[in-house]
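Subject: Structure handover

Hello,

Here is the structure for your files. My notes on it follow below.

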Amino acid sequence: MTDLDRMLGAVRAMPTDARLEAMDDAVMGGVARKREQVTARRSLMLAGVLAIGIGWAGSIVPAAPAQASPMPIGMSDYAPSRLLGQ
């Protein structure tokens with residue numbers, strides 16, 4: 001038992017590695033980064049499912065048939081050619 005006590009005393013007397021002091025920050029930074037990745041992945045998945053759901057619902061719900069406008073695009077009733085009767 002004395003040999004074990006002496007060995008543990010020698011280990012206790014050894015200087016600690018300086019990298020161990022920064023270990024808490026590195027671990028907590030990794031945990032925060034992982035949490036952000038999971039949150040981003042969930043948000044992207046939710047947006048995708050929502051887009052698929054809206055597209056699916058939009059394809060099922062009957063819509064009014066498309067009708068072409070009798071007037072050319074951009075021609076207003078207030079255009080000078082219409083006001084002058086041409």
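Aspartate 3 has a relative accessibility of 43%, so it counts as partly exposed (buried is under 20% relative accessible area, exposed over 50%, partly exposed in between, with a 1.4 Å probe and protein chains only). Its partner in a salt bridge is arginine 6, with the closest N and O atoms 2.5 Å apart. A salt bridge here is a side-chain nitrogen of Lys or Arg within 4 Å of a carboxyl oxygen of Asp or Glu. Arginine 6 counts as exposed because its relative accessibility is 55%. Both residues sit in helix H1 (residues 2-13), and being 3 residues apart they are separated by about one helical turn.

This is a predicted model, in which local features need pLDDT of at least 70, side-chain atom pairs count only at pLDDT 80 or more, and totals for chains, interfaces and linings use all residues. Residues are numbered from 1 along each chain as its sequence is written, and side-chain values use heavy atoms, with hydrogens and water left out.

The structure holds 2 salt bridges. Besides the pair above, arginine 19 forms one with aspartate 17, where the closest N and O atoms are 2.7 Å apart. Arginine 19 is exposed at 66% relative accessibility, while aspartate 17 is partly exposed at 33%.

On the overall fold: the protein chain has 3 helices and 0 strands, in the order α-α-α from the N terminus. Helices (H or I, at least four residues) and strands (E, at least two) are DSSP runs, numbered from the N terminus. H1 has 12 residues, which should span 16 Å at 1.5 Å a residue, and its end C-alpha atoms are 16 Å apart, in agreement. The expected span is 1.5 Å times one less than the number of residues.

The accessible surface of the chain is about 8,400 Å², of which 66% belongs to carbon and sulfur atoms (Shrake-Rupley method, 1.4 Å probe; for residues, only the protein chains shown count as cover).

Leu20, Met23, Val27, Met28 and Val31 make a nonpolar surface patch of about 470 Å². Patches are made of residues with over 30% relative accessible area and no salt bridge, nonpolar side chains (Val, Leu, Ile, Met, Phe, Trp, Tyr) being joined within 5 Å and like charges within 9 Å. Valine 27 lies in helix H2 (residues 23-60) and is partly exposed at 47% relative accessibility.

As for confidence, the mean pLDDT of the chain (the predictor's confidence in each residue, from 0 to 100) is 85, and 85% of the residues reach 70 or more. Among the elements, H2 has the highest mean pLDDT (94) and helix H3 (residues 80-83) the lowest (71). Where pLDDT is low, the predicted coordinates should not be read in detail.

Regards
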